[in-house]
Amino acid sequence: MKSPITLIKGGLLAASLAAFAPVAALAADVSIRLGHVLPESHSWHKAATGFAEEVNSRTEGRVAIEVFPSGQLGSEKEVIEGLQFGSVQAGLIGSGSFQGIEPRMGIIEMPYAWGARDQAFAALDGDLGVALADMLDGKGIKVLGWWENGFRNITNNVRPVEKPEDLAGLKIRVTPDKVRLATFEGLGAEPAPLSFGELYSALQQGLFDAQENPLAIIYSASFFEVQKYVSLSEHIWGAATLTMSKSVWDKISAEDQAIVMEAATSWGLKQRDMVAAANDELIANLEAKGMQFNEVDKAAFIEAVDPIWESQKDVYGEELLTILNTYRK
């Protein structure tokens with residue numbers, strides 16, 4: 001039988017715990033699942049993991065981020081929908097994939113918009129990035145940083161593509177957005193959309209002859225096993241957008257929000273450096289895997305896609321196009 005003193009102590013302890021329970025609930029960690037569609041070997045995952053670890057450490061666990069690669073949280077379209085509803089807390093997403101909810105996001109990935117990656121970074125770290133982030137903010141998505149996807153190149157199993165005419169009749173997988181479809185229709189190919197997670201199998205089964213992606217993705221996704229030719233078209237440069245659901249962002253204290261933004265910026269710069277450092281090595285590795293590289297007649301490609309720019313003027317509007325052109329000079 002317990003003594004009266006033991007019973008009193010037990011009662012006091014229970015009362016104390018009950019009194020502090022509401023405070024503990026208010027101080028609960030913000031748990032964040034961050035999803036992306038690329039494999040763990042890609043720079044997206046390496047940098048996202050570093051970003052998560054830094055935030056976890058510097059906030060002393062108040063903001064806890066866990067990274068889910070390889071489409072574990074869904075396709076980019078599904079992650080974007082989840083961000084809007086709050087069912088997915090964060091995502092690292094190709095900028096072009098946001099066109100489904102904000103068509104003007106496609107301006108980043110217009111064909112041959114950027115002669116060099118430094119132009120794109122200056123724009124996204126400047127006025128263009130601010131304007132686009134404001135647009136997504138209005139859709140319930142907070143932009144934490146502009147990382148890099150890189151220049152996209154064409155691969156196929158039929159022949160080297162050196163000029164637009166070489167694309168005639170090729171069935172090419174593209175991302176599911178209108179501008180990308182229109183671009184390859186204008187170049188004479190037969191484009192069709194397909195989610196990234198299904199692409200390897202579709203190429204393996206011969207459902208598509210071709211696809212287009214940055215070299216890092218071509219390598220990390222092992223497309224060298226199912227594709228033969230790489231044409232260095234660099235037809236599109238794309239950003240990777242590090243994002244968080246606004247409903248989740250608003251739960252984080254101002255102090256911890258500052259830490260998250262600092263980590264997003266620093267790891268974004270590191271991720272960009274990873275992309276730049278890997279280019280020559282990727283070409284060598286892909287050649288070692290049996291892929292054949294060729295240059296393209298870029299002037300002919302640029303001329304062929306010029307009508308796409310004319311067709312999108314009303315979508316982007318004069319103000320946004322003026323901002324873009326400021327950085328393209």
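**Figure 1. Glutamine 271 and its contacts in the predicted model.** Leaving aside neighbours within four places in sequence, glutamine 271 is in contact with Ser43, Trp44, Ala47, Trp147 and Glu148, where contact means heavy atoms within 4.5 Å. Glutamine 271 belongs to helix H10; helices (H or I, at least four residues) and strands (E, at least two) are DSSP runs, numbered from the N terminus. Its relative accessible area is 0%, and glutamine 271 is therefore buried. Buried denotes under 20% relative accessible area, exposed over 50%, and partly exposed in between (1.4 Å probe, protein chains only). The structure is a predicted model, in which local features need pLDDT of at least 70 and side-chain atom pairs count only at pLDDT 80 or more, while totals for chains, interfaces and linings use all residues. Residues are numbered from 1 along each chain as its sequence is written, and side-chain values use heavy atoms, with hydrogens and water left out.

**Figure 2. Helix H4 and its packing partners.** Helix H4 covers residues 117–124, and its buried residues are Gln119, Ala120, Phe121, Ala123 and Leu124. These buried residues pack against both helices and strands. The helical partners are H5 (127–137), H10 (254–288) and H13 (313–328). The strand partners are S4 (141–156) and S8 (229–245).

**Figure 3. The bend in helix H13.** Helix H13 bends by about 70° at glutamate 319; the bend at a residue is the angle between axes fitted to the seven residues ending there and the seven starting there. The end C-alpha atoms of H13, which has 16 residues, are only 16 Å apart, short of the 22 Å that a straight helix would reach at 1.5 Å a residue. The expected span of a helix is 1.5 Å times one less than its number of residues. Tyr316, Leu320, Leu321, Ile323, Leu324 and Tyr327 are buried in H13. The buried residues of H13 pack against H4, H5, helix H6 (178–186) and helix H12 (306–311).

**Figure 4. Valine 315 in helix H13.** Valine 315 lies in helix H13 and counts as partly exposed because its relative accessibility is 34%. Not counting residues up to four places away in sequence, valine 315 touches Pro103 and Arg104. Valine 315 and asparagine 149 are separated by 166 residues in sequence and by 23 Å in space, C-alpha to C-alpha.

**Figure 5. Two serines with positive phi.** Serine 70 is not a glycine, yet has a positive phi of about 60°. Serine 70 sits in the loop between strand S2 (63–68) and helix H3 (76–85), and with 47% relative accessibility it counts as partly exposed. Serine 222 likewise has a positive phi of about 60° although it is not a glycine. The loop that holds serine 222 runs between helix H8 (215–220) and S8.

**Figure 6. The protein as the setting of the close-ups.** The protein contains 13 helices and nine strands, and its C-alpha trace spans about 95 × 45 × 30 Å along the principal axes. Of the 329 residues, 50% are buried. Among contacts with a separation of 6 or more, 75% are accounted for by residues 24 or more positions apart. There are 28 positive and 44 negative side chains, with the centres of the two sets 5 Å apart. Lys and Arg count as positive and Asp and Glu as negative, whereas His and the chain ends are not counted; the place of a charge is NZ of Lys, CZ of Arg, CG of Asp or CD of Glu.
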